[in-house]
Amino acid sequence: MATTDPVPQLTDRPEWKALQAHHAEIQDRHLRALFAEDPGRGERMNLSAAGLYLDYSKNRLTDETIGLLVQLAEACGVTDGRDAMFAGERINITENRAVLHTALRAPKGASVMLDGKNVVDDVHEVLDRMKAFAASVRDGSWTGHTGKRITTVINIGIGGSDLGPSMVWDALSPFGDHVVECRYVSNVDSVDFVEKTRGLDPAQTLFVIASKTFTTLETLANAHTARDWITNALGDEATPKHFVAVSTNADEVAKFGIDTKNMFGFWDWVGGRYSVDSAVGLSTMVGIGPDHFDELLAGFREMDDHFREAPLAENMPALLGLIGVWYSNFFGAETVAILPYAQYLDRLSAYFQQLDMESDGKSVRRDGTPITDYSTGPIVWGQPGTNGQHAYYQLIHQGTRLIPADFIGFAYSNAPLGDHPDLLMSNFFAQPEALAFGKTAEQVAAEGVPAEQVPHRTFNGNHPTNSILAERLTPRTLGNIIALYEHKIFTQGWIWDINSFDQWGVELGKVLAKRIIPELEATEAPHLAHDSSTSTLIRKYREMLGRPV
């Protein structure tokens, strides 16, 4: 009987050890030296794909580094894992599910088989229904209970059912011509609902309740508040004309009062953080229109095709993933900053924060054994430039931590005004240059700065960045960018031998919250069996509210 050799641990692989030895050789090399020795690296270390231009020359690496990283990816089977994902194999092993968010943007007529069924047919059946509904709201043929046209759509969801559509709406709202405005409620803090409905006419407001199971605690609490807001103004019979659902639980949707003909489904092979191009994006489609939503899907698809077909050394998502592994595992970097130089991308960093940290924030391998000798997902953070330059860039420039950063910019502005676009983009180009090369003590002293001030005005530089440049922020370009990071995250997760497609870490807190709710609401002092800290906090909360403790 044939035997199979065990899969080697990541840090035992010769490719990993080769990278360790290489890192020891170049870890102290400064980007100034790398550019001095190879002045043309900026003309060579770049890549164009799916409408995006990536300059990765301002990284602390060489051509040899890239070659060694590619060898590691090949040894870890990244291309096999990629092909398995696209083919619908059940690579989400803890939930025994396929991972087919790429099927959400497959064209009509494509074939992606799962359990003997072509899921692309199901995808386009839902997309066609979404388009018909979105068109009816935008042209005024769908009206509210009183016959008034809908002017505002409010999406109620949380996590991937909020961060995705809200980010896309903020990014692409100019493409909707403001026929319908979109707002997003996610936080169970009542302030969120109150502020998002402030000044609105219930007769002209439509709610999209986005919850796959229609049991999510925060979403259902906000949904019931929304229903009260509508029915208090318009009567109980108004609910069907002011609510639609994105869910798969027809019974609960109907029980809520939503006609199941107005329920738009998705599938267990779509993770919430990968679902913005599914029915979860319904509110966005209403806002920007079906044609622009199609362009968004086309942008996703372009990057999918590139990721599936390009060799790893010329593969933009894979290359970003490998560079991320280089900094996380060999330089010990703990975070990565996502810095879009576009105000319309105000929510992009938060969106990628969930996408990356919920996917690759794991501490066990796919076989369930603990990871003890390397780090996995980085902490993702950031906000649009130029705001960050007057806040946390100080730490990146002169702090003690290594913080790799991705800069994202566009040649054309979607809201041009005077010299603002060039002023914005001058900073987009200047900051990576300053981070890379810094300013030496000799340069500072030569400017006549007093000697005691020189150390404070010296910039070490050698801070790595990627620069991603596109012509304009369009629906297609946004699809390119989102898919770029989806596949970057896949590449990293596969190398780290983790399941990037489950999220058990978010469940425990939900379970405990359901247990605590009756303890907070009890009319008599409850028996508390938590740890002493939690029990004391609950008693203090009840005391503040004048409830028995």
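Guide: Contact means heavy atoms within 4.5 Å, and helices (H or I, at least four residues) and strands (E, at least two) are DSSP runs numbered from the N terminus. The model is predicted, so local features need pLDDT of at least 70 and side-chain atom pairs pLDDT 80 or more, while totals for chains, interfaces and linings use all residues. Residues are numbered from 1 along each chain as its sequence is written, and side-chain values use heavy atoms, without hydrogens and water.

Visitor: What covers the buried residues of helix 8?

Guide: The cover includes strand 5 (152-156), strand 6 (181-185), strand 7 (205-210) and helix 9 (217-234). The buried residues themselves are Asp192, Phe193 and Thr197.

Visitor: What puts these residues on the same side of helix 8, or on opposite sides?

Guide: They cover an arc of only 110° around the axis, taken from the directions to the C-beta atoms, which puts them on the same side of helix 8. Just after helix 8, Gly199 has a positive phi of about 80°.

Visitor: Where do Phe410 and Ala470 stand?

Guide: Phe410 stands opposite Ala470, which is in strand 13. Strand 12 (residues 405-412) and strand 13 (residues 465-472) pair in the parallel sense over seven bridges, where pairing requires at least two bridges found by DSSP. Helix 20 packs on the sheet and touches strand 2 (52-55), strand 10 (335-340), strand 12 and strand 13. The direction of helix 20 makes about 165° with that of strand 12, on a scale from 0 to 180 degrees between N-to-C directions of axes fitted to C-alpha atoms, for helices over the stretch in contact.

Visitor: What is the order of the strands in the open sheet?

Guide: The six strands run 1-2-13-12-10-11, with mixed pairing.

Visitor: What makes strand 1 and strand 11 stand at the edges?

Guide: Strand 1 (46-49) and strand 11 (379-381) each have a single partner strand, so one side of each is left without a neighbour in the sheet.

Visitor: How do helix 7 and helix 15 cross?

Guide: The axes of helix 7 (residues 160-172) and helix 15 (residues 348-360) come within 9 Å and cross at roughly 145°. The contact is made by Gly160, Leu163, Gly164 and Met167 of helix 7 with Leu348, Ala350, Tyr351 and Gln354 of helix 15.

Definitions and conventions
Buried means under 20% relative accessible area, exposed over 50%, partly exposed in between (1.4 Å probe, protein chains only).
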